Amino acid sequence: MKPKFYYTASIILLSLGLILTCGPLIFMLITAFTSQEALSSTPPRYNDFSLENFKLLLNAGHILRWSLNSFVVAASITIAQTLFNSLAAFGFSVGKFKGKEALFMLLLAAMMVPGQIVMLPLFLFMAKYGLLDSLWSVILPSMAAPFGIFMVRQYMDSIPVQLCDAARIDGASEYQLYSKIYFPLSKPILATSAIFIFITEWNAFLWPLVTLNSEKYYTLSVGLSTLQDQQAMDYGLLMAGATISAIPMVIIFLFFSKYMLEGMRKGAIQ
């Protein structure tokens, strides 16, 4: 009797979780594909399928340019963080130098500092070197991240040290240890990290909003926020923009979810 009760309770809880997770997404899609006339009626009618919102969105702003900017920023930061985080993690995991643990504790302390605190000095730094109002002002500050270094380092610590010792005996350099042993063996955690980095940077809003002033440099999230002001809360238009913004994240999860699950599984086992 108890196993059946637990099974039924689990199904109910999972169903509720599915509704809470997918409900807003379904509402977003229905609203995006409903005509403005149907949405403005009282009560709104959600049975009038239309592509009107997407046509207006493509005509009202530089949606394609904003999407390209977001992709360039997210892809650049993902590649840079994957490289630099893995290099720093390799140094903390394998390297032997004075003050390594103290420096790593400093890195952990940096994770506790809210990003809003360093935003003003970072903005002044970007202004001093003339980097404001360009995609570089968004890319450069995010080319490495303390949490990414910490996560990859913990994974590299699980790699048997005997591999490293054997390679050193055979005359391998530090670069060869990284490129031939640690980087290939760390691909699951690097893939997992890259997925989260790309999604985070694709959805980034506050820092791009602060540093980007020209419409041609807007990322998609910033561009959609300005469009919202221009259109006075046109929910159909906003939901169409949110749908376009969600497409890359859906594609990433569809094609790369197995790498993310593999990285999580191996990290949990090791």
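A charge sits over a ring if NZ of Lys or CZ of Arg is within 6 Å of the ring centre and within 35 degrees of the ring normal. In this predicted model, Arg-153 lies over the face of Phe-104, at 4.1 Å from the ring centre.

**Aromatic pairs**

- The count of aromatic pairs comes to 12.
- One of them joins Phe-33 and Phe-49, which are stacked, at 5.5 Å centre to centre with 5° between the planes.
- This pair links distant parts of the chain, 16 residues apart. Phe-33 sits in the loop between α1 (2–32) and α2 (36–40), and Phe-49 in the loop between α2 and α3 (52–60).
- Phe-33 counts as partly exposed, at 26% relative accessibility. Phe-49 counts as exposed, at 62%.
- The ring centres of Phe-125 and Tyr-129 are 4.9 Å apart and the planes are at 50°, so this pair is tilted.
- Phe-125 is partly exposed at 43% relative accessibility. Tyr-129 is exposed, with a relative accessible area of 52%.
- Phe-90, Tyr-178, Tyr-182 and Phe-183 are linked into a cluster by ring pairs.

**Helix α11**

- Helix α11 covers residues 187–202, which makes 16 residues.
- At 1.5 Å a residue, α11 should span 22 Å.
- Among the buried residues are Pro-188, Ile-189, Leu-190, Phe-198 and Trp-202. Thr-192, Ser-193 and Glu-201 of α11 are buried too.

How values were computed: Residues numbered from 1 in each chain as written. Predicted model: local features only at pLDDT ≥ 70, side-chain atom pairs only at ≥ 80, totals over all residues. Heavy atoms only, no water. Helix = DSSP H or I, 4+ residues; strand = E, 2+ residues; numbered from the N terminus. Expected span 1.5 Å × (residues − 1). Buried < 20%, exposed > 50% of the residue type's maximum accessible area, 1.4 Å probe, protein only. Phe/Tyr/Trp six-rings, centres within 6.5 Å; stacked < 30°, edge-to-face > 60°.
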